[in-house]
Amino acid sequence: MIPKIILGRGTTRSLIRYLYGKGRTNEHVDPHLVASWNGFAPDPGRSTHRDPKEVEKQLAAQLDQPVQMLGDLAPETAFWHCPVRAASEDPILTDAQWADIARRIVAAAGISPEGDEEACRWVAVRHADDHIHIAATLVRQDGRRPKRGHDIRAVQKEARRIEVDYGLRRLKAGDGTGAKRPTSKEHFKAKRLGQDAPAREVLRTRVRRAVAAAADEAEFFSLLDATGVDVRLKLGPSGDALGCNFSLPGSVNEQGEPVWFAGSTLASDLSLPKIRQRLTTTDSEPIAVRPGNPWHQATAATERIPHHLTRGEEHAAQGQLVALGATLDLLPLMAPAGARGDLEQAAAIFERATRSRVIADLNSARILRRSVQAIWRERPQDRDGTGFAMLLDTVLTAVAFAMHWHRIRQNAQQETAAEETLVHLRIAYEQVAEPVLAGLARQAPAVPTQRRLAQHLQEAMPEHADRILNDPGWEALATVLAEAESAGHNAGTILNQALGQRPLGDAHSPARALTWRVRRLGVRPAPSPRAQAANARSTTQRTPRPAEPVRPTVTSPSPQAPSARRR
């Protein structure tokens, strides 16, 4: 159940007219009162013997009377409007049930505390099966102002209790960091225009992609311009840009004027000051990504995210989540066509998991950010799709750890977002990885070679060997091990190096995880014979590995280039 508080100026006349009207697309059906402050307020929907327009005027006048009595002392913000909507899968509630819900909401908000006969005047209007509108004036009948306090938080808490009492879909409690949802009006407008999503959601996606891809502010605005986003800067007295609004070409209001969205209304981290923080660093020395394969660098940086989330400092962990979200924002632009849809959905859902009450240390994830940007800019060669597949594999594990990180901090909405993200990532991963692994398996070495490689595997990681050898991915792993040997590497040594990068206990498929790691290690220059002999001696003399710590496992319930014409 979703209540949303809207404050208004002036009288309630226009609001009452809208609630009892046909709606913008004739969506209002049988509008009528289900409850009111005194139990017998005039109801334009049930006064068949009178002109409904006259009854609307009478109802608005009665609501506004306490405000009008104050004359010039009346507050500028005069009325309180709260739509309360049930989920689509919830049962249809009766008028009596909606009346009870309305009374609980206005009591929780401080509009009309239970038993207070001098409280504010209010009405609850129903014109659809799944929601009501509560309209109230913000002057009590004794002339005082209501003690609303933190009414938004109080109303949300009451909504969670109502969900339990009525057996409705139970929403997760938020922490105030979620992005603003499109309004019903925005949804109806998009549907009327035949658009897939409201302008607010389209802009949020495009702006997030531009932030993820841009190296500086100038490039950020250039990328917006390239994808058709208009930008209007808010300038201070000095002429410096203090903020910016975004709009889509053709998105206009009833007067034909562009509909602008401030960055902060798209998401709290999309205001111009917050965007600038993402695009710049506070360290005095810049970090340059060393020359090398960007796919391998991005994968290695993503592999370190679980360490930051389990053992790192909290602000650095939050910074890693921001960078992980930026990686997901750019992945659809680099993905095979068949996986783009699920990756776009994964990025949109995970956006909620990138913010919490913890302030992010953005410097902690600069290498990941810059290596992913390098992939997006340079489009480096990805032999047989392995680069994208191994990056996506590590992203899956990182999102699973993000879910666990939010869970232990009781960030319910973020945890759910990460969990839902895994579902889409799993689908995309199978579409990307299966052809790559099948291609590698077709190149598997002869059976005697596989037996010899299996012996190396059993010696290097006896605790995982049986599971890996019985995994359908073993032949692909055997292929990359044989390739590494052909390049001069020792199979046993490279397996130990691969295991040393991260434990395998948190991998959804150890065979696949090793395949990507060995492929990455195998393209490095092979050590000299003397170095290999030294590695072999150290391997035979090593002490047994301690048991691996328990980690969350990835079990799923499993930018076209980012538009801004400045104005």
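This is a predicted model: local features need pLDDT of at least 70, side-chain atom pairs count only at pLDDT 80 or more; totals for chains, interfaces and linings use all residues.
The protein chain contains 22 helices and ten strands. Its C-alpha trace spans about 100 × 55 × 40 Å along the principal axes. Of its 567 residues, 51% count as buried.

The description may begin with helix α1, which covers residues 13-19 and includes Arg 13. Arg 13 has a relative accessibility of 18% and therefore counts as buried, since the cut-off for a buried residue is under 20%. Apart from neighbours within four places in sequence, Arg 13 is in contact with Lys 53, Glu 56, Lys 57, Ala 60 and Asp 64.

The loop between α1 and β3 (32-36) holds Asp 30. Although Asp 30 is not a glycine, it has a positive phi of about 50 degrees. Its relative accessibility is 38%, so Asp 30 counts as partly exposed, the range for that class lying between 20% and 50%.

Further along the chain comes a pair of helices. Two packed helices are described by the angle between their axes and the distance between the axes. For helix α6 (residues 199-213) and helix α7 (residues 217-226), the axes come within 9 Å and cross at roughly 140 degrees. That angle makes α6 oblique to α7, because angles over 145 degrees would count as roughly antiparallel and those from 65 to 115 as roughly perpendicular. The crossing in which α6 passes α7 is right-handed. On the α6 side, Arg 206, Val 207, Ala 210, Val 211 and Ala 213 take part, and they meet Glu 219, Phe 220, Leu 223 and Leu 224 in α7.

The next stop is the loop between α14 (366-378) and α15, where Arg 379 lies. Arg 379 is not a glycine, yet it has a positive phi of about 45 degrees. With a relative accessible area of 46%, Arg 379 is partly exposed.

Helix α15 has 23 residues, and the distance from its first C-alpha to its last is 34 Å, close to the 33 Å expected at 1.5 Å a residue. This helix is mostly covered, with 20 of its 23 residues buried. Just after α15, Gln 410 takes a positive phi of about 60 degrees.

Helix α16 (residues 412-442) has 31 residues and reaches 44 Å from its first C-alpha to its last, which is close to the 45 Å expected at 1.5 Å a residue. At Ala 433, α16 bends by about 30 degrees, and a proline, Pro 435, follows within four residues.

Another pair is formed by helix α17 (residues 447-460) and helix α18 (residues 462-469), whose axes come within 6 Å and cross at roughly 140 degrees. The helices α17 and α18 are therefore oblique to each other. From α17, the residues making the contact are Ala 454, Leu 457, Gln 458, Glu 459 and Ala 460, and from α18 they are Pro 462, Ala 465, Ile 468 and Leu 469.

Ala 526 is partly exposed, with a relative accessible area of 31%. When residues up to four places away in sequence are not counted, Ala 526 touches Ala 487, Gly 488 and His 489. Ala 526 also lies 8.6 Å from Asn 490, C-alpha to C-alpha, while the two are 36 residues apart in sequence.

How values were computed:
Residues are numbered from 1 along each chain as its sequence is written. Side-chain values use heavy atoms; hydrogens and water are left out. Helices (H or I, at least four residues) and strands (E, at least two) are DSSP runs, numbered from the N terminus. Buried means under 20% relative accessible area, exposed over 50%, partly exposed in between (1.4 Å probe, protein chains only). Contact means heavy atoms within 4.5 Å. The expected span of a helix is 1.5 Å times one less than its number of residues. The bend at a residue is the angle between axes fitted to the seven residues ending there and the seven starting there. Axes are lines fitted to C-alpha atoms, for helices over the stretch in contact, and angles run from 0 to 180 degrees between N-to-C directions. Angles under 35 degrees count as roughly parallel, over 145 as roughly antiparallel, 65 to 115 as roughly perpendicular and the rest as oblique. A crossing is left-handed if the near helix is turned anticlockwise from the far one by less than a right angle, and right-handed if clockwise.
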